Amino acid sequence: MANVSVYNMEGSEVGSIELNDAVFGVEINEHLVHMAVVQQQANNRQGTQSAKTRSEVRGGGRKPWRQKGTGHARQGSTRSPQWTGGGVVFAPKPRDYSFKINKKEKRAALKSVLTSRVQDNKFLVLDELKLEAIRTKDFVKVLNNLNVSKALVVLDDKDFIIEKSAANIPDIWTALVNTINVFDILKYDTVITTKAAVAKIEEVYA
């Protein structure tokens, strides 16, 4: 089992914690990680883009000139795709881009990225993360103490003060244990969590 250091909010090491290999020590499966990221991005697509085909563009009912004898190329409609104002050849239409992957595959992908963060020493565990009031300055101070600028902060339970204090900081995102996902873990350089959150992650995903 991997051991990682535990820090306080001042950035001082106050102990260590043993991580469960079933979550933080698995074999990294890059293919499943890629699938999970593609699925999340595809499922977030609105799919509302739309353009008109030649049959939907207004006008163009009359043949612009006779078939032969004009010197022009033959044309049947002024709303054909080659005309200005004409329809689009293979026009995009509203569609659903979402697709599913198995729960076991999604869970394996999540474990893979958590393991990679631990292996890269980008998984920071705090003994606790508490602020007295909503103050962005106080949260920035904690980040500076930990020497972190771009991080995903994982909380074991909803904490309005922490969430609001971090909301205006660029490149910082807060999430609960049951809402973490592969894309967010990869997007942010470091994962910051607490001992309580680690225990909950192991309970939920082991």
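Which helices do the buried residues of H2 pack against? They pack against H3 and helix H6 (182–187). The model is predicted: local features need pLDDT of at least 70, side-chain atom pairs count only at pLDDT 80 or more, and totals for chains, interfaces and linings use all residues. Residues are numbered from 1 along each chain as its sequence is written, and side-chain values use heavy atoms, leaving out hydrogens and water.

Select helix H2 (30–44); helices are DSSP runs (H or I, at least four residues) numbered from the N terminus, and strands are runs of E of at least two. Its buried residues (under 20% relative accessible area, 1.4 Å probe, protein chains only) include Leu 32, Val 33, Ala 36 and Val 37. Next, select Asn 29, which caps the N-terminal end of H2 with a side-chain oxygen 3.2 Å from the backbone nitrogen of His 31.

Move to Gln 75, in the loop between H2 and helix H3 (103–119). Gln 75 is buried, with a relative accessible area of 13%. Beyond its neighbours within four places in sequence, Gln 75 is in contact (heavy atoms within 4.5 Å) with Lys 63, Pro 64, Trp 65, Gln 82 and Trp 83.

Finally, select the largest nonpolar core, of 31 residues. Such a core is a set of buried Ala, Val, Leu, Ile, Met, Phe, Trp, Tyr and Cys residues joined through side-chain atoms within 4.5 Å. Leu 110, Leu 114 and Phe 123 are among the residues that touch the most other members. H3 supplies the largest share of this core, 5 residues.

Technical notes:
Buried < 20%, exposed > 50% of the residue type's maximum accessible area, 1.4 Å probe, protein only. Polar contact = N/O pair within 3.5 Å; in protein donor to acceptor, adjacent residues only side chain to side chain.
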